[in-house]
Amino acid sequence: MTLAIVVSILVGVVTYILLTATPETEFEIPILKPQSVCVMEISGMVVTEKPVFSITKYISPDDVKELLERAKRENCGALVLVINSPGGSATGSYLIYTMIRKFKEENNIPVVVYVTESALSGGYLIALSGDCIVASPTSLVGSIGSVVTVVNYRKLLEKLGIEVIVLKSGKYKDIASPFRELSSEEKTILERIVNTTYKVFVDAVLKERGDKLDKKYLNEILNASIFCGRDAVKVGLVDAIGDLDLAIEKARELGKLPPTAPIKYIELGKRPALPLPLNLSLDKLLSIIAVLDRVLLVPTTYLQVLYVSK
């Protein structure tokens with residue numbers, strides 16, 4: 001009787017899926033798959049939202065969310081993050097860091113980070129989500145800090161005879177405008193913002209690596225110093241020097257997965273190809289538009305706080 005009920009339920013579920021499925025429906029039941037070591041790449045400048053057109057490689061929280069969802073469908077038993085990023089948006093970096101921590105806690109899986117070329121500033125903040133950090137010996141690690149850069153075109157515009165008129169509702173509404181000098185009050189405001197976002201970063205570093213950092217180098221570490229992978233081990237920013245194979249091995253070990261556990265490389269969905277004339281690829285077309293966009297348009301948002309190494 002019990003077997004008949006189970007069979008009936010399964011038939012009902014399959015029937016429902018078949019009746020409601022679309023061409024994009026993925027017929028995957030993670031629990032029926034063996035636990036796997038999932039490897040996903042976090043590479044490029046960190047942004048909160050990707051620009052529509054770009055010639056630069058970016059990574060956003062939405063990208064990471066999609067990658068984690070795909071990893072979950074592979075019955076992820078251990079996760080390896082391959083990081084190569086100079087950082088970027090402070091908010092984007094922090095969102096990705098917290099997103100990965102939440103994923104590993106909810107699914108009770110270990111996360112191992114492998115740094116290929118760089119995990120700098122916001123890239124290192126993301127790396128802090130790992131239980132273990134492995135780095136290439138020649139990689140660059142660190143740059144723990146926050147920065148705001150203000151560019152001023154005022155003198156150039158004067159030479160060109162161009163006058164910019166700004167109508168604003170408040171004294172600080174156009175703070176960090178490239179069309180005028182910063183006032184001393186505005187510099188104080190920006191310094192406060194930089195120090196606040198810097199403290200968020202430092203708190204995460206001390207929370208995740210506090211007991212591993214060499215206190216002799218703490219001042220250097222927290223003053224945005226950059227270390228090669230070999231030196232990063234000595235000061236406690238990373239746990240081991242090695243390659244991707246070592247990171248995968250450590251992930252298996254921490255996840256208590258058997259040697260037979262499959263390795264799944266998780267990638268973002270591919271963009272559909274568009275019919276373009278003269279063999280012009282979509283990426284090339286977007287690159288041309290991006291260059292024109294940068295040359296012709298004036299930004300409407302002047303201020304952005306970055307966890308980035310420049």
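This is a predicted model: local features need pLDDT of at least 70, side-chain atom pairs count only at pLDDT 80 or more; totals for chains, interfaces and linings use all residues.
Figure 1. Is Asp174 buried or exposed? Asp174 counts as buried, because its relative accessibility is 7%, and the buried class covers values under 20%. The side chain of Asp174 makes a polar contact of 2.8 Å with the side chain of Arg180.

Figure 2. Arg180 forms a salt bridge with Glu186, and their closest N and O atoms are 2.5 Å apart. Glu186 is buried, with a relative accessible area of 2%, whereas Arg180 counts as partly exposed at 23% relative accessibility. Which residues belong to the network of salt bridges that share partners? Lys168, Asp174, Arg180 and Glu186 are joined into one network in this way. Here is a handy idea to keep in mind: side chains of opposite charge can pair when their charged atoms come close.

Figure 3. The side chains of Arg101 and Glu208 meet in a salt bridge, with an N to O distance of 2.7 Å. Arg101 belongs to helix α3 (residues 90-107) and Glu208 to helix α6, so this pair ties together parts of the chain that lie 107 residues apart in sequence. Arg101 is buried, with a relative accessible area of 16%.

**Figure 4. Lys57 meets Glu41.** How many salt bridges does a search of the whole structure find? The search finds 17, and one more pair to look at is Lys57 and Glu41, whose side chains meet at 3.6 Å, N to O. This pair links distant parts of the chain, with Lys57 in the loop between β2 (45-46) and β3 (58-59) and Glu41 in strand β1, 16 residues apart. Glu41 counts as partly exposed, at 42% relative accessibility.

**Figure 5. Pro34 and the residues it touches.** Find Pro34 in the loop between α1 (2-20) and β1 (36-43). Pro34 is exposed, with a relative accessible area of 53%. Leaving out residues up to four places away in sequence, Pro34 touches Glu74, Asn75 and Pro262. Pro34 and Glu74 are 40 residues apart in sequence, and their C-alpha atoms are 8.2 Å apart in space.

Figure 6. Ile162 is partly exposed, with a relative accessible area of 44%.

Figure 7. Phi of Ala176 is near 75°, a positive value in a residue other than glycine. Ala176 lies in the loop between α5 and α6 and counts as buried, at 5% relative accessibility. Ala224 also has a positive phi, about 70°, although Ala224 is not a glycine. Ala224 is in the loop between α7 (218-221) and β9 (226-228) and is partly exposed, with a relative accessible area of 33%.

**Figure 8. Where pLDDT is under 50.** The mean pLDDT of the protein is 85, and 78% of its residues reach 70 or more. Over residues 21-27, pLDDT stays under 50, and the model has three contacts beyond four places in sequence for them. Residues 294-300 also keep a pLDDT under 50, with five such contacts in the model.

Methods
Residues are numbered from 1 along each chain as its sequence is written. Side-chain values use heavy atoms; hydrogens and water are left out. Buried means under 20% relative accessible area, exposed over 50%, partly exposed in between (1.4 Å probe, protein chains only). Helices (H or I, at least four residues) and strands (E, at least two) are DSSP runs, numbered from the N terminus. Contact means heavy atoms within 4.5 Å. pLDDT is the predictor's confidence in each residue, from 0 to 100. A polar contact is a pair of N or O atoms within 3.5 Å; within protein, one must be able to donate a hydrogen and the other to accept it, and residues adjacent in sequence count only if both atoms are side-chain atoms. A salt bridge is a side-chain nitrogen of Lys or Arg within 4 Å of a carboxyl oxygen of Asp or Glu.
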